[in-house]
Amino acid sequence: MLRNASTHPPSVHNPLVLSQKLYTNPGNFRAFKILVAALYNGVDIEVVDLDLAAKKSSDILAKSPAGKVPVLETPQGLLFESNAIARYIARARRDTDLYGVSFFDSGLVDSWIDFAAHEVELPATLWVYPVFGYLPHNAAVTEKAKADLGAALETLDAHLADKTYLVGDKVTLADITVASALVYPYKIVMSPEYRSQYPHVLRWFLTIVNQPQFKNVTGDVVLAAKELVPSGAPPALAIPAKGAKKEKKDKAPKAAAPKQEKKKEAAPPAAKSGEDLEEQLAKESKKAASEHPLKIMDRDAPSEFVMDTWKKTYSNARSYDAAMDEFWKVFDSTGYSLWFCEYQYNSELQKLFMTCNLVSGFVQRTDELRKWAFGCMWITGEDAPGKQVVSGCWLMRGQSDEYIKNANPDAEFYTWTKVATPVSDADKKKVQEYWCSDESLAGLPVLDCKVFK
């Protein structure tokens, strides 16, 4: 449901304009959640990489009561402890709902943040750090860490069996925090056999780490082809499937020698797989290096209409009427176009929570166009099979719907109707209804709404 931004205190956006520095050592997974949250909220943070052995780093660490990084330097002073910093950044803006859409949701977000700290981070670091050389290898500790992390992943897997995100129907700080703690385990030590035991967690993890904000911090997260082990440690044994641990453990001593011999024979195919992976990464890097067509349009045919300014106007205006008055004053019908869309399979929609997931996924998958698009997606009608209607109204750069269809494959399942220009009074009224309604739309009661901004 849309909420009038005037209900937010003016100070909610103040952190966005303040100069802030994050001191951390390179590759610190505890900094990931802070930087990802900052990208979601538009908070500008300068990252200062520290050599923890240098004197200058010691001077900075001395300012922190805990004497550890990451540390956030703000005009008001230093903040320490990564979860506290991440919460500070997530709460800098309410309109992005990183802390949930309700007071209860914010409690759920905190629950999962604490779960990550106590149930995920400790076993994950005890398993990964010996591989990095940060801790001495101890076989018993490693096996205990695997089991403890597996228990945490079981909890996550059960929770995510029928959910896209940990809390609500969009990315929150809960997803960002838990996924950040799992980046190195998935990249370094979780073999295909180990992670296959938790399919819902894997599906969720890939959804989160492939969000543009996450990829901008961590890059592509390539899953481990096999479990890496510390230098000098024996090769990792195959992970037994759930429910067969005792049987596998009993048979392991007899089969130990053949398994090691079989692993040596399998080395050439593994190398080939690595070459294929490098080729795939090269292709992805080449694709990422190509310039987005809308970025080229911004350069070659600039528009006086500034999308970011409009989004701030929409969020911060005293009333929606005032926001729409300003929009029609600055709207550039040459550089931008307005579109109505309607889902082609409304008659097949069954349960409301599934429809909400459908719309949330659509909005998330459009993130590539964040700089060039704004839209509201609605679910109206009745909470009954075949009685729900999904439709929306979008403002997009350019004069074609090809950009959203290229960015989001789900857009092909919608019928897109371009608003003729000059925009008639009737169409202006319809656009305002889509962007500013609260309880009903086109005479139908509102069941849910997602705003892309």
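Author: By class, the residues that line the largest cavity are 7 nonpolar, 2 polar and 1 charged. Here Ala, Val, Leu, Ile, Met, Phe, Trp, Tyr, Cys and Pro count as nonpolar, Asp, Glu, Lys and Arg as charged, and the others, Gly among them, as polar. The model is a predicted one, in which local features need pLDDT of at least 70 and side-chain atom pairs count only at pLDDT 80 or more, while totals for chains, interfaces and linings use all residues. Residues are numbered from 1 along each chain as its sequence is written, and side-chain values use heavy atoms, with hydrogens and water left out.

Reader: How many cavities of 30 Å³ or more does the structure hold, and which residues line the largest cavity?

Author: A cavity is a set of points, on a 1 Å grid over the protein atoms alone, where a 1.4 Å probe fits but cannot get out; lining residues have an atom within 4 Å of a point. Points are joined across faces, edges and corners, and a volume is the space filled by probe spheres set on them. In this structure there are 4 cavities of 30 Å³ or more, and the largest cavity holds about 60 Å³ of space. Its lining consists of Phe29, Glu121, Ala124, Thr125, Val128, Tyr129, Ser180, Ala181, Tyr184 and Pro185.

Reader: Which helix gives the most to the lining of the largest cavity?

Author: Helices (H or I, at least four residues) and strands (E, at least two) are DSSP runs, numbered from the N terminus. H4 gives the most to this lining, with 5 residues; H4 and H6 each supply at least two. The protein chain as a whole has 17 helices and 10 strands.

Reader: Which residues have the most contacts inside the largest nonpolar core?

Author: A nonpolar core is a set of buried Ala, Val, Leu, Ile, Met, Phe, Trp, Tyr and Cys residues joined through side-chain atoms within 4.5 Å. Buried means under 20% relative accessible area, exposed over 50%, and partly exposed in between (1.4 Å probe, protein chains only). The largest core has 62 residues, and Leu182 and Trp204 have the most contacts inside it. Two or more residues each come from helix H1 (29-41), helix H3 (82-90), helix H4 (103-132), helix H5 (139-159), H6 and helix H8 (199-209). H6 supplies the largest share of this core, 12 residues. There is also a second, separate core of 27 residues, with Ala317, Cys376, Trp435 and Leu441 among them.

Reader: What does leucine 182 touch?

Author: Contact means heavy atoms within 4.5 Å. Not counting residues up to four places away in sequence, leucine 182 touches Val120, Leu149, Leu153, Leu156, Met190, Trp204 and Phe205.

Reader: Where does lysine 187 lie?

Author: Lysine 187 belongs to helix H6, residues 173-189. This lysine 187 counts as partly exposed because its relative accessible area is 29%. Beyond four places in sequence, lysine 187 touches Val221, Val222 and Ala224. The C-alpha atoms of lysine 187 and valine 128 are 9.8 Å apart, although 59 residues separate the two along the chain.

Reader: Is lysine 63 buried or exposed?

Author: Lysine 63 is exposed, because its relative accessibility is 53%. This residue is in helix H2, residues 55-63. Leaving aside neighbours within four places in sequence, lysine 63 is in contact with Glu73 and Leu78.

Reader: Which peptide bonds and phi values deserve attention in the backbone?

Author: As a general rule, most residues other than glycine have a negative phi, and most peptide bonds are trans. A cis bond joins valine 69 and proline 70, with omega about 5°; proline 70 is in the loop between H2 and strand E3 (71-74). The bond from threonine 421 to proline 422 is also cis, with omega near -5°, and proline 422 lies in the loop between strand E8 (414-418) and helix H17 (425-436).

Reader: What is the phi of aspartate 97, and what is that of alanine 442?

Author: Aspartate 97 has a positive phi near 60°, and alanine 442 has a positive phi near 50°. Aspartate 97 lies in the loop between H3 and H4 and is buried, because its relative accessible area is 10%. Alanine 442 lies in the loop between strand E9 (440-441) and strand E10 (444-452) and is exposed, because its relative accessible area is 62%.

Reader: What share of the residues of the protein chain counts as buried?

Author: Of its 453 residues, 44% count as buried.

Notes
On a 1 Å grid over the protein atoms alone, a cavity is a set of points where a 1.4 Å probe fits but cannot get out, and a pocket is an open set with protein on both sides within 12 Å along at least five of seven lines; lining residues have an atom within 4 Å of a point.
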